[in-house]
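Please open the structure in your viewer and keep the selection tool at hand.

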Amino acid sequence: MDLPCSWYSLLIPLFVFIFLIIHHCFFTTSNTQNVLLPPSPTKLPIIGNLHQLGSLPHRSLHKLSKKYGPVMLLHLGSKPVIIASSVEAARDIMKTHDLVWATRPKSSIVDRLFYGSKDVGFSPFGEYWRQVKSIVVLHLLNNKTVQSYRRVREEETANMIGKIRDGCDSSSSVINLGDHLGSLTNNIISRVALGRIHNERESGIAVKALLEQLLALLGTFNIGEYIPWLKWLNKINGLDNRVKKVAKDLDEFLDSVIEEHIIKREYSAGEAKDFLDVLQEIQNGKETGFPLQRDSLKAILLDSFAGGTDTIYTALDWTMAELLRHPRAMKTLQNEVRGLTQGKSEVTEDDLKNMEYLRAVIKESFRLHPPNSLLVPRESREDVKLLGCYHIPVRTQAIINVWAIGRDPLLWENPEEFRPERFLNSDIDFKGLNFELIPFGAGRRGCPGSTFAIAVIELALARLVHKFNFALPKEEDLDMTECTGITTRRKSPLLVVAIPCST
Ligand code: HEM
């Protein structure tokens, strides 16, 4: 009886051993073998591929994608990040699996500046984001509301034209057109969002400089985001203090504007509503029944400045720069605008709808110079297959290199050439359906401000080329070097000679 017992006692560990071997061979091993990850450039310990981003990441990533393909897996510090540089990959992320990629990566800087990411742009996917996005889409940026700001756009562009005219007292005076475009976008967004332009003299707050700092911080590289155990460095390099100071100053400014609105509302009912008026009505439960806290209201207002001013300015600056470098395109545009407004002293928004070439110029400028070259990062909410083959784990970031897509020779003939004609008689638009041209992103997290932005850009461009002939100060070519930041701006100021013309 003793022998079978010891025989059995040997069998059990043997079975366990065989089970573990089988499990290892057929399950553990086969799982990792079946998982296909996108190609990756070699990474370094700790920093991963951070050193390969360079000062202009859209260009460095474009170069890497030529070697590793249109879908790459990089590690920025400890963060896995997918870089998509083709129409197919962009469509897969923003259309096929839009819901999986519908959240944004968390950022401590954004949390500090946007009241715990209570805005629309950086808020994590969920019920709160749905509610604030629908407020913005339905109440602030729908077609009808955008139309209602027509007077603001027409007055502010007329002011800009007047100031440029004052600045060019002789045919050789050089003006900084970029400054005029910057003031135009700031003034329009200020009036639309806050009801009026706020200047330093009256409030003691340098609002324009403060907003510039907000944008600069959003474009700042934060080591703690990628290598969390190094986040103490932000205390030493001053980043934490800068963020704290800007957040405090912005908060004080927004509080003062809100108080002013509460007083104003008592005696100016019936005036056109600005964003803050509408948000205050929603806060009082008049419009949606959804309670909007004061912090959320301030975060949404900041979104319009962060999302609207720099992007529109950047688009206008690149477009004028390209037109200055391409006198034939400039002439064709002037002929269209002047031809369609014959006998009129001023272009109005009614005149714009027939301006095909104007729209083609704007599209071509977006193709070559999307203001957000890498869009705004998304993050996966669950494991997902990319392009049906690559396994992408949950919490991987996705960066879409629209700058690279705009220069893909498989999509565009002579992609480096500025040639608006390619968009005449073409169905390609930037509304998020044609993934060849997605400067405003696409899908659920797509930009809600595109109609607003296009209305400003079209009117400003049409009026500029209607009223002036432009030339570069010297015979040399314009510097098209880019600079780093949340938007990809041109580095040097846009200095031009503007010659008023009698139309
Ligand atoms: C030329 C002008 C503009 C460009 C190029 C632009 C571009 C973008 C891009 C690329 C995104 C991310 C899209 C995505 O993840 O798919 C975005 C999101 C956003 N934009 Fe714009 N934008 C512009 C103007 C505006 C304006 C005028 C406003 C508001 C006044 C605005 C408000 C927003 C908001 C709130 C979001 C976040 C949407 C979300 O996360 O759900 N943008 N924009």
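**The ligand and its surroundings**

Select the ligand in this predicted model: 28 residues surround it, and the closest are Arg 104, Lys 133, Arg 378, Arg 445 and Cys 447. The ligand sits in the largest cavity.

Next, display the polar atoms around the ligand. An oxygen atom of the ligand lies 2.9 Å from an N or O atom in the side chain of Arg 445. For the side chain of Trp 129, the distance from a ligand oxygen to an N or O atom is 3.1 Å. At Ala 442, a polar backbone atom is 3.3 Å from an oxygen of the ligand.

Now colour helices H5 (127–140), H15 (294–325) and H20 (450–467), each of which supplies at least two residues of the shell around the ligand. H15 gives the most, with six residues. By class, the shell has 14 nonpolar, nine polar and five charged residues.

**The largest pocket**

Turn to the largest pocket, with a volume of about 1,000 Å³. Select Leu 218, Gly 219, Thr 220, Tyr 226 and Pro 377, which are the closest to its centre among 39 lining residues. Helix H2 (57–68) provides the largest share of this lining, three residues. The lining comprises 21 nonpolar, 14 polar and four charged residues.

**The second largest pocket**

Finally, select Arg 359, Thr 451, Ile 454, Ala 455 and Glu 458; of the 24 residues lining the second largest pocket, these lie nearest its centre. This pocket holds about 610 Å³ of space. Helix H20 contributes the largest share of its lining, five residues. Here the lining has eight nonpolar, six polar and 10 charged residues.

Technical notes: Residues are numbered from 1 along each chain as its sequence is written. This is a predicted model: local features need pLDDT of at least 70, side-chain atom pairs count only at pLDDT 80 or more; totals for chains, interfaces and linings use all residues. Side-chain values use heavy atoms; hydrogens and water are left out. A residue is near a molecule or strand if one of its heavy atoms lies within 4 Å of it. A polar contact is a pair of N or O atoms within 3.5 Å; within protein, one must be able to donate a hydrogen and the other to accept it, and residues adjacent in sequence count only if both atoms are side-chain atoms. On a 1 Å grid over the protein atoms alone, a cavity is a set of points where a 1.4 Å probe fits but cannot get out, and a pocket is an open set with protein on both sides within 12 Å along at least five of seven lines; lining residues have an atom within 4 Å of a point. A molecule sits in a cavity or pocket if more than half of its atoms lie within 2 Å of its grid points. Helices (H or I, at least four residues) and strands (E, at least two) are DSSP runs, numbered from the N terminus. Ala, Val, Leu, Ile, Met, Phe, Trp, Tyr, Cys and Pro count as nonpolar, Asp, Glu, Lys and Arg as charged, and the others, Gly among them, as polar. Grid points are joined across faces, edges and corners, and a volume is the space filled by probe spheres set on the points.
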